[in-house]
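These are my notebook entries on one chain.

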Amino acid sequence: MQTLLTDTGRRLRAFQQTDAWTYCLYAVIALLIIASGFELYDFIRRLAVEFHGISIDFLMTGRAALNGYVPYADHLDVKAPGTIVLGALSLLLTGDGRFLFAFKIVILLAIPVLIMVMTMRETRTLDRLRRTILTFSAFLLGSELSLYVMERGGNNSSNAEPFGVFFALLYLLVIAWDRRKMSYLRLGLASFFLLCTIGIKEPFLFVLLAMNLLLARDVRFFIRSFVAPLGIAAVTGIIVLTVLGYLSAYVTVGLGTILTDRIAGENSVFFRGLMVFNVYDAVTTYSHTGPVMGYVLATLLVLRPFPASGGKRRTELLAGATLLALLYSLYVTGFYGVVLGQLQYAFPFDNAAFLWLTVRCAGALALLVLLLLAVARFSPRLIIGIGLTGIAVYLVTFAIGSGDFLAQQYLLAVPFYAAAFLVFAERPRAFLIPVIFLIFMPFHHVKPDYAAKAAAANQFAANSSLWIPAAEQLDAMMDACAIDRYSAFGGPSNIVVRTHHSPMDHSYPQQSKHPDMRKRFLERLAASPVIFVDEEYLSTVEDAEVRSILQTNFTRNILTCAQGKIPQGVIVLFNAVTQP
């Protein structure tokens, strides 16, 4: 029996050294990926039925800019200047939101391809087997992240985050192409993509910084990959905004509104960076059928290589354990802080649940300190790498929290997830653990009711098409009456992205609870040359100040120039003060 086992072992080892062994592994992996790939068919189906929305915010601000109004000052939205450019570009190219629609489809299809290309480049020094497995895994991760983009708000065409994700991944591709040096061409491309990313949404700045903290091997490369491109992008952005005449309004009104109103929330914006539990829960519960994606991303961070470890197995295991303790400490500390805030910082130690949470928090921090002391004995330089990883996680959480953890804000972390995979793929340890998670990840999706989604999409398209003739008639009426701007509420609000004239303002001041925004909304409403409403809106308006302005400042008496040009079902209120 012993002889048989010995002979079998010898033959198995001999087989493992042949190409046949490699091909067998390839075949098994390919079958698993093909099997999970059937689930990715949902991706294409979702593209067909979910992306039917109109990019209202983009087109409104883009139209206002094309009509000569200064963004933020004349037409206030809290989105970054890049969205204005995208909206104006879409109107110039297609006359509506079709360009944005097509661009977003390209983005969703490009995410897995970009991550796969980056991984192929990063693993070029590995053996063929591991390189192939990691490349396939990168495609699966990218596909999953594309689905995540859709689940977390990507199907709303007014969300800017998917566009920022795309440019951030291009930036990542440029800086990760060669992490030993940075050519002038790559420096220029990195600056351009960094400008585009931050220009789409400002909090991406912190995500890009976090990515560089993971990727940079030394201070010199960090300066070349992030600091220098950021400086070039900042100067370029200031010049462009100055030439367009937008800089003053953007700094004083746009950023001012963001800092005083948009980032307001229940918790301090800086404390939100500790609320890692929100981010982890987002990637473990968005599917509702399995927390696999959260496990993958946590594993990638824990297994990340550190050059300071010297390749020593014991040191790498200790570093991984310390990283795990650090991540858990951030998770439980943030949760503990939220609970304390809700309890108004009372300490009900007689409550068993609170006492257990306190023990968990104290235990996690104590374990982290002990592990850091142990790491310092083996390699003090490792402390810096572990600390930078913790800072990177904080920055990403801070960026998401700056928007008070709205669903679409979680998309800010997608480029960081890709960077974590690249760092792991450079020198993978226990790489089959995340690979196994990745292979089974596509099986953990909710099965959407495609018939219901298709019906909703068709209904949306039908309702939208009803307002196209109305928008054309009202445009003609405003041209005849020499009216340049308007306000619209109720059903007629559907015309705001279909008219060639611009509304008095974006809807943000109306929706905001900030007193300055409220004042701006009422002033713009009272100054509107004309307001388009319907009977349902007039009969249900609950805002006393709005109702007073409509009754006092406006009249239903139709001007001569507007005779015969008012669509059925639309009530036109002319400003009795400015147009008696």
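Entry 1, salt bridges. I looked up which side chains form a network and found Glu122, Arg179, Arg217 and Glu426 linked by salt bridges. I took a salt bridge as a side-chain nitrogen of Lys or Arg within 4 Å of a carboxyl oxygen of Asp or Glu. By this rule the count comes to nine salt bridges.

I note here that the model is predicted: local features need pLDDT of at least 70, side-chain atom pairs count only at pLDDT 80 or more, and totals for chains, interfaces and linings use all residues. Residues are numbered from 1 along each chain as its sequence is written, and side-chain values use heavy atoms, with hydrogens and water left out.

Helices (H or I, at least four residues) and strands (E, at least two) are DSSP runs, numbered from the N terminus. For accessibility I used these cut-offs: buried is under 20% relative accessible area, exposed is over 50%, and partly exposed is in between (1.4 Å probe, protein chains only). Glu426 is partly exposed at 23%, and Arg217 is partly exposed at 35%.

I then looked up Arg524 and Asp505, which meet in a salt bridge at 3.8 Å, N to O. Arg524 lies in helix H22 (residues 515-527) and Asp505 in the loop between E2 and helix H21 (508-511), so the pair ties together parts that are 19 residues apart in sequence. Asp505 is buried, with a relative accessible area of 12%.

H22 also supplies Arg518, which I found in a salt bridge with Asp543. Their N to O distance is 2.7 Å. Asp543 sits in the loop between helix H23 (535-540) and helix H24 (544-553), 25 residues from Arg518. Asp543 is partly exposed at 25%, and Arg518 is partly exposed at 25%.

I searched for cysteine sulfur atoms within 2.5 Å of each other, the cut-off for a disulfide. The structure holds one disulfide. Cys481 is joined to Cys561, S to S 1.9 Å. Cys481 is in the loop between helix H20 (450-480) and strand E1 (485-488), while Cys561 is in the loop between strand E4 (554-555) and strand E5 (571-575), 80 residues away. The link is right-handed, with 110 degrees about the S-S bond. Cys481 is buried at 12%, whereas Cys561 is partly exposed at 24%.

I counted strands as paired if DSSP finds at least two bridges between them. Five strands form an open sheet in the order E2-E1-E3-E5-E4, with mixed pairing. E2 and E4 are the edge strands, each pairing on one side only.

E1 runs parallel to E2 (residues 502-503), with two bridges between them, and Tyr486 stands opposite Pro503 in E2. E1 is also parallel to E3 (residues 530-533), again over two bridges; there Ser487 has Ile531 as its bridge partner. E3 and E5 pair in the antiparallel sense over four bridges, and Val530 is partnered by Phe574 in E5.

I checked the faces of E1. In a regular strand the side chains alternate between the two faces of the sheet. Both faces of E1 are covered, with Arg485 and Ser487 buried on one side and Tyr486 and Ala488 buried on the other.

Helix H10 (residues 204-215) reaches 16 Å from its first C-alpha to its last, close to the 16 Å expected. The expected span is 1.5 Å times one less than the number of residues. H10 is mostly covered: nine of its 12 residues are buried, including Phe204, Met211 and Asn212. The cover includes helix H8 (161-176), helix H9 (184-200), H17 and H18.

Entry 5, whole chain. I noted 24 helices and five strands. Of the 580 residues, 53% count as buried.

Notes. Contact means heavy atoms within 4.5 Å.
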